[in-house]
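I opened a notebook for a structure I had not looked at before. These are my entries, in the order I made them.

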Amino acid sequence: MNVVVVESPAKAKTINKYLGTDYIVLASYGHVRDLPSKNGSVRPDDDFAMEWEVAGQSKKHLKAIEDALKGADHLYLATDPDREGEAIAWHVREILEQKKKLKGVVVKRVVFNEITKSAIIEAFNQPRELDIELIDAYMARRALDYLVGFTLSPVLWRKLPGSRSAGRVQSVALRLISERETEIEKFDAQEYWSIAAKFDTGSGIMVEGKLTQLEGNKLGKMDIGNEAQATRAQNIIQNETFSVAKVVKKKTKRNPSAPFITSTLQQEAARKLFYSTRKTMQVAQKLYEGVNIGGETVGLITYMRTDGVTISNEAINGCRALIAEQYGEAYVPDSPREYKSKSKNAQEAHEAVRPTDVSRRPKDVAQYLDEDQQKLYDLIWKRTLASQMESVVLDQVAVDIASAEMQTVLRANGSMIAFDGFYKLYHEGRDEPGKESGDEEERILPEMNEGQAMKLETVSPDQHFTQPPPRYSEASLVKKLEELGIGRPSTYASIISVLQDRNYVRIDKRRFIPEDRGRLVTAFLSSFFERYVEYNFTADLEEKLDDISAGEVNWKTVLEEFWKAFIGTVDGIKELRVREVLDNLNEVLGPHFFPERENGTAPRACPKCDDGELSLKLGKFGAFIGCSNYPDCSYTRQLAADGGAADGTVEAELDAGPKELGIHPEHDKMITLRKGPFGPYVQLGEQEEGTKKKPRRASLGKDQALAEVDLEMAVDLLALPRDVGLHPEDGQMIEAGIGRFGPFVKWAGMFVSLKEDDPREIGINRAVTVIADSGKKPPRELGKHPVDNKPVFIKTGRWGPFASHGKTRANLPKDEDGETIELERALVLMAAKAAKDGTGPKPRKPKKKAKKKTKKKAKKKTKSKTKAKSKAKAKAKTKAKTPASETAADDPKATGSD
């Protein structure tokens with residue numbers, strides 16, 4: 001008997017079918033152990049010894065592997081063919097060896113790039129030993145990430161309260177986003193003008209040219225800087241006579257891009273499908289592990305974590321044959337296209353991401369895939385096929401239209417696609433919104449000859465302003481990280497997720513905007529740990545880690561070099577006082593928090609008192625803006641760039657009282673903007689006297705600038721939550737609103753946070769998509785609990801499906817499906833959880849017999865009578881000692897009054 005270990009149960013199920021009855025295929029469910037989240041898990045003083053801990057859920061999976069090994073001849077470790085897969089295989093072997101479960105068992109490593117029958121059989125015919133260099137590279141990365149995180153994060157917590165964590169690569173990615181925002185804030189738009197003129201060629205066909213030379217001088221983009229200069233140029237052109245001075249014709253070629261690697265797949269899916277990097281990898285994982293097609297589970301794409309751009313000869317031949325069949329021989333290049341990786345050390349030298357069988361067209365498999373899988377498979381299939389297609393051929397023409405002696409020259413450019421080549425199938429996306437590589441606008445120019453007279457018809461000056469660099473999108477951030485050599489494609493999705501989870505950045509219109517918390521962390525690290533967030537340093541360290549996997553350097557040597565310098569820096573920072581940190585951050589981030597005001601007042605002037613100065617301060621829960629005259633002046637502001645004087649002025653108004661926005665058009669009541677303990681909000685009307693009912697209120701979104709809140713926006717906010725539309729699956733209403741934790745959509749009692757969409761504007765199609773992308777499912781009632789007759793639900797949380805009843809929650813094992821689980825099984829799981837936690841339903845106490853109640857009541861009455869008699873005797877004694885005049889004066893009954 002042979003035992004095979006893979007990561008996932010889906011992969012295990014597929015491979016088991018291919019291998020037959022002589023093999024038992026089991027899943028490890030990912031990593032089986034990791035470094036515990038505590039100090040001392042990596043010990044630099046003990047030759048970087050590492051302490052591993054088996055995860056709770058992994059114990060039963062390892063037990064299943066141990067049981068299967070009894071009497072087995074071979075153990076095949078068939079985890080993914082990359083560094084992480086090699087690490088999982090090593091961990092499984094190490095644990096089994098420590099438990100002495102491998103006696104008489106031959107252990108081999110098996111790798112395959114695609115989950116198809118032929119690839120699996122071939123891989124098992126060529127087993128190998130574990131790759132020690134790859135394992136060393138994993139150990140070095142894991143140790144580095146741990147040491148940076150567990151050494152640097154506590155420094156952040158002490159010196160910068162409210163900060164969450166710092167990481168080796170995430171901090172550098174955060175710096176990129178923060179510095180881009182600083183560039184945008186500092187950007188000073190420059191005015192410039194362009195001049196276009198239209199000419200009649202003599203046959204009634206108009207040609208447009210743009211001014212490139214004036215008075216014999218070539219013009220740069222910014223050379224015409226104002227309206228006066230533009231008007232002068234216009235006048236000069238209008239007084240000239242023009243003819244064709246030069247005609248230049250040439251053919252250019254556009255070659256297709258290489259097949260996808262991990263990073264380019266993430267970029268293109270973000271541009272074209274609007275998928276996050278995490279979603280792209282999740283969908284790709286499902287396509288790799290396989291889908292059921294005609295009763296057989298088939299992997300549709302090759303392994304999706306790769307730096308390699310090559311594809312097998314078999315795949316190339318399949319592409320060329322299909323291109324000839326589907327588009328004709330003209331679209332097949334004379335020889336196959338070969339691509340080379342730009343990466344110095346293409347990670348683990350995999351093939352590119354491609355279909356396992358290119359003849360399996362998207363339309364052929366659409367019925368077996370969900371919508372997300374269809375879109376991603378279509379993208380991968382087209383990119384792969386296009387990479388082996390003929391080039392695009394463009395005919396380009398440039399015509400110089402000039403005055404006498406070439407004093408004034410205008411250029412007309414034309415282009416035409418002579419042969420569409422791979423454009424027939426695929427256009428690569430660009431980072432500019434809505435643009436693709438094949439979006440060249442065809443501008444066909446009429447035939448013109450040198451010396452031909454051109455009649456000037458119109459001259460049009462156009463004003464322009466330079467634009468700041470765009471914020472990073474997920475696609476452009478991944479591209480930049482890759483260009484700088486920071487991180488590796490397989491880590492980009494987790495890096496981006498961590499930045500969002502830590503609330504260091506947010507996404508608006510699919511672009512990253514750093515939160516103030518993130519900018520504080522970046523400023524702190526750049527000031528006091530400058531070397532460790534430098535782009536070159538991080539990239540050089542990545543290269544050393546790649547050298548480890550190539551067997552060129554010892555992993556402990558790399559760790560030792562890094563640690564000596566790093567811990568010295570940390571020890572030096574520990575002596576810094578918080579006041580020194582604040583002074584530095586006030587200086588670095590001053591232009592961000594206190595920009596120049598339009599009214600000319602001092603940027604740091606307190607809007608509440610006359611002579612106070614605003615500055616950054618630290619409190620128990622993090623940083624905030626406060627006045628220097630505290631405690632005499634109580635002005636504070638949450639950390640958020642104030643947008644200049646506008647928001648600061650509004651906030652000062654709110655400190656004094658509500659701000660009136662206008663009368664509600666339907667309710668005829670005043671809407672006011674107010675400041676509450678949990679942030680600003682709008683209110684409709686006032687609370688009526690003699691009633692406890694509060695007026696209608698609506699919170700502002702955390703990213704909403706106070707200065708932008710007007711009557712129209714307030715009316716929209718007060719209309720929340722609003723009905724978006726009926727869900728197509730069950731006809732239940734979807735609602736959108738803003739709650740305590742931000743904007744949301746609600747369906748079937750389930751809340752899904754909105755990260756990019758406005759609850760006031762989101763439509764039904766987008767709402768359904770957001771709900772589907774969340775992975776959440778509405779609660780499913782299984783039945784009533786036998787103890788208290790209350791409902792038992794199956795719900796979906798962050799860690800997967802769980803059974804819920806009252807306060808008891810029990811996670812479902814990973815091999816059990818929330819869609820099929822029955823009430824009896826859920827009761828067993830919850831009983832075990834309740835026994836562990838001391839929770840769970842308590843049976844109602846039976847009613848006691850009436851006789852006992854009567855006795856108790858009688859006892860109570862007897863006691864109360866005894867107490868009353870004692871009080872009466874005491875009162876009588878007091879009255880006997882008190883003069884009658886005093887008694888009459890003190891007792892209203894004595895005078896006959898009520």
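The entries below go through helices, strands, turns and single residues.

**Entry: what I am looking at**

I note at the start that this is a predicted model.

I looked up helix 15, residues 516-528, and helix 18, residues 578-593. At what angle do they pack? I read about 125°, with the axes 10 Å apart. Angles of 65 to 115 degrees count as roughly perpendicular and those over 145 as roughly antiparallel. The angle here therefore makes helix 15 oblique to helix 18. The crossing of helix 15 past helix 18 is right-handed.

Next I listed the residues that meet. Helix 15 brings Asp 516, Arg 519, Leu 520, Ala 523, Phe 524, Ser 527 and Phe 528. Helix 18 brings Val 581, Asn 584, Leu 585, Val 588, Leu 589, His 592 and Phe 593. I sorted the residues of this contact by type: 9 are nonpolar, 3 polar and 2 charged.

**Entry: a hairpin**

I moved to strand 18, residues 505-508. Which of its side chains are buried? Val 505 and Ile 507 are, and they point to one face.

I then looked for the partner. Strand 18 pairs with strand 19, residues 511-514, in the antiparallel sense. There are 4 bridges between them. Val 505 has Pro 514 of strand 19 opposite. The two strands make a hairpin, and 2 residues lie between them.

Lys 509 is not a glycine, yet its phi is positive, about 55°. Is Lys 509 buried or exposed? Lys 509 counts as exposed because its relative accessibility is 70%, and the cut-off for exposed is over 50%.

**Entry: another positive phi**

Tyr 29 sits in the loop between strand 2 (23-27) and strand 3 (33-34). Its phi is near 60°, positive in a residue other than glycine. I wrote down why I flag such values: most residues other than glycine have a negative phi. Tyr 29 counts as buried, because its relative accessibility is 17% and buried means under 20%.

**Entry: cis peptide bonds**

I noted the background here too: most peptide bonds are trans. The bond from Tyr 630 to Pro 631 is cis, with omega near 10°. Pro 631 is in the loop between strand 21 (622-627) and strand 22 (636-637).

I also looked at Leu 720 and Pro 721. A cis peptide bond joins them, with omega about -5°. Pro 721 lies in the loop that runs between helix 20 (711-718) and strand 27 (722-726).

**Entry: helix 20**

Which residues of helix 20 are buried? I found Met 713, Ala 714, Val 715, Leu 717 and Leu 718. They pack against strand 23 (659-663), strand 24 (670-676) and strand 25 (679-684), among others. Strand 26 (697-699) and strand 28 (733-739) are also among the partners.

I traced an open sheet of 4 strands, in the order 31-32-33-34. The pairing is antiparallel. Which are the edge strands? They are strand 31 (780-784) and strand 34 (808-811), and each pairs on one side only. Neighbouring strands in this sheet are turned by 25° against each other on average, direction ignored.

I followed one pair in detail. Strand 31 and strand 32 (residues 791-797) are joined by 4 bridges. Glu 781 has Phe 793 in strand 32 as its bridge partner.

**Entry: two buried residues in helices**

I looked up Thr 384 in helix 12, residues 371-386. Thr 384 is buried, with a relative accessible area of 1%. What does Thr 384 touch, leaving aside neighbours within four places in sequence? I found Ile 311, Cys 319, Val 353, Arg 354 and Pro 355.

Last, I turned to Tyr 146 in helix 5, residues 132-159. Tyr 146 is buried, with a relative accessible area of 5%. Pro 36 is 110 residues from Tyr 146 in sequence. From C-alpha to C-alpha, the two are 9.7 Å apart in space. Beyond neighbours within four places in sequence, the contacts of Tyr 146 include Leu 35, Pro 36, Lys 38 and Asn 39. Gly 40, Ser 41, Val 42 and Thr 151 are also in contact with Tyr 146.

How values were computed:
Residues numbered from 1 in each chain as written. Predicted model: local features only at pLDDT ≥ 70, side-chain atom pairs only at ≥ 80, totals over all residues. Heavy atoms only, no water. Axes fitted to C-alpha atoms, helices over the stretch in contact; angles between N-to-C directions. Parallel < 35°, antiparallel > 145°, perpendicular 65-115°, else oblique. Left-handed = near helix turned anticlockwise from the far one by under 90°. Contact = heavy atoms within 4.5 Å. Nonpolar A, V, L, I, M, F, W, Y, C, P; charged D, E, K, R; others polar. Pairing = 2+ DSSP bridges. Buried < 20%, exposed > 50% of the residue type's maximum accessible area, 1.4 Å probe, protein only.
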